[in-house]
Amino acid sequence: MNISKVAETLEGSVVAGDSASGREVGAVVASDLMSDVLLVDADEMLLLSSLASDQVVRTAHVVGAMGVVIHDSKPLPASMLAVSEQLGIPLVSSPLSKYESCVRIHQALESEKNG
Amino acid sequence: MELAEIVELVKGTAVTPPDVAPQVSCAYSSDLLSDVMGHAPEDSVLITIQNHLNTIAVCTLAGINAIVLCHNRPAPDDMAAAAAREGVAIVVSPLSQYAAALALSSLPPASR
Amino acid sequence: MDERQRQPAILPPPHPSDDEVIDRHTAIPTTVGGESPLVIMELLQRMKVRDVMRKEITVLSRRDTMSRAQELMRKNHISGIPIAENGRLYGIVSVDDIIRALTGGWIDDLCAKHMSTHLIVLEADMPIAFALRYFENYKYNRFPVLDRHHQLVGLISQRDVTRALLYELTVAINRLESKAAPDNPAPDDPAALYACREYPVVHNDLENAGKAANDIKRLLREHKFDTRLARRIAVAAYELEINICIHSFGGSLTFMIADGKATVVAKDTGPGIPDIVWACQDGTSTANDWIRSLGFGAGMGLANSKRVSDRFDIVSVMGKGTTVTCQFNLPAGTGADTAAPPPARQGA
């Protein structure tokens, strides 16, 4: 599943970064605490978070994540969009809650796997 | 959903006394207490790694009955004591927040 | 620059360049002419005061006389004698002090009375680059060197620095020349990689925190580091950067690749960690709600950086600061893609 499909699945849109990067979701991590994210040893992570801050994008870059989703249609600071462009991390804004995103992404990944 | 079922689904352990056995009707996942205050519905179970006394304070204010602490983050004594006092159940689970959300996916999300 | 930090004191001076990013260089030595200056810059960072200082030094106590100092200077051909007792430095008697004593008629007084007590000292762990800056700024011929516990461990003069640098440069240039030789197969030896970058980290400046880690990650990617190794290094850098930002008065993050190792050093100027064992445990935190609301303060920073490192060191002195060092072994072949084309291999 690429980032455009992620955005579509979560009823959101890619608001910064390359929406056609072609990178596929390798793992899903849901967290708002960056140290928690840094613990995960997985490639091509999709990071689901509620925290609208530059640090989320910086963390995503550090762990080599393929994209970030921010939930509840939270307003995203301009600096966050800029950091996202600069570091090449696609950023998705979704109206869903993080919990709902987890469930939807999982369903979509499963159906992709099965069909 | 009964607490016992939550414990089973998230492969966890309840660290609050057995008489703290709330019913939950939906789920919310966040580590940001201000976010929980703003968005989490009443009677929900909170999926988080915030093992902190203030989490109980926020749950009490927001009417949240149960907390799933992910990654086996232990509940500090002051947190467990406050939870028992306020009737908020704490379940410590080895799952990640993503996996815990999937485990509880039969619960509806918070209505927006 | 904080004026308070600039004052000469018996404590080791602070980082002299808190307000500037020293982007020394990032380079793989390929040609001698093009890269030599970078090698020198790297040497200045890599070599520490302790590697260069003289450790066997003549010391007198406060109860010795100025004439005793004069006698030792003449006998040992030295121009300054530290006055110290049990490793604690009290002052220095220099040739100038002796001349004044002779002309003033107090050559038989105790050193305690006439030694110079306004001292500038260097710390054993400081890079040579700092020492050079201090020679330039303060016009002293020598500085006493203290260790982390404020114990006198040596003396360093400009001549010591020059001698050590000349030696190291000869070694480095020989190495560069052997690499530049066309008949020498291109190495996939990680020891051939060099990089050294230093970033200031400002207390509570969460807007900029993480920039250093991002830059380090970019560098590792450019050098085609294995993604897992790059992630481990970047994670340590990020955690330590955030730690300085949140918990200290400020400091710096230094990243180096040399001798087949990648090293992240986080150094702050205080307040120090009262209980290091506790602080390194997972889930322990002194963060407040404001920090938690920004996604930090989960109390995993030190534990995380320790977990990803091959070697982890932490030294903290209350009221003085904390230095955390995370080291990573670079496996053979690391960065080989950028160092040079890998040597042709035959067969499977």
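1. Start with A:Asp43: its relative accessibility is 34%, so this residue counts as partly exposed. Here "buried" is under 20% relative accessible area, "exposed" is over 50%, and "partly exposed" is in between (1.4 Å probe, protein chains only). C:Arg228, at 37%, also falls in the partly exposed class.

2. Before you go on, note that this is a predicted model, where local features need pLDDT of at least 70, side-chain atom pairs count only at pLDDT 80 or more, and totals for chains, interfaces and linings use all residues. Residues are numbered from 1 along each chain as its sequence is written, chains are lettered from A and ligands numbered from 1 in the order in which they are written, and side-chain values use heavy atoms, with hydrogens and water left out.

3. What do the side chains of A:Asp43 and C:Arg228 form? They meet in a salt bridge, with N to O at 3.4 Å. The term stands for a side-chain nitrogen of Lys or Arg within 4 Å of a carboxyl oxygen of Asp or Glu. A:Asp43 sits in the loop between H2 and E3 of chain A, while C:Arg228 belongs to helix H10 of chain C, so this pair joins two chains. Those labels are DSSP runs numbered from the N terminus: helices (H or I) have at least four residues and strands (E) at least two.

4. Now look at A:Asp41 and C:Arg231, whose side chains meet in a salt bridge at 2.6 Å, N to O. This pair joins two chains as well, because A:Asp41 is in the loop between helix H2 (34-39) and strand E3 (45-49) of chain A and C:Arg231 is in helix H10 (residues 227-247) of chain C. A:Asp41 is partly exposed at 48% relative accessibility, whereas C:Arg231 is buried at 5%. Put together, A:Asp41, A:Asp43, C:Arg228 and C:Arg231 make up a network of salt bridges.

5. Chain C has a salt bridge of its own: C:Arg197 pairs with C:Asp215, their closest N and O atoms being 2.6 Å apart. It links distant parts of the chain, from strand E7 (residues 194-202) to helix H9 (residues 211-222), with the partners 18 residues apart. Both C:Arg197 and C:Asp215 are buried. Over all chains, the structure holds 25 salt bridges.

6. And how many disulfides are there over all chains? The count is 0, taking a disulfide as a pair of cysteine sulfur atoms within 2.5 Å. For B:Cys70, the closest cysteine sulfur is in A:Cys102, 9.5 Å away and too far for a bond. B:Cys70 is buried at 0% relative accessibility, and C:Cys326 is buried with a relative accessible area of 0%.
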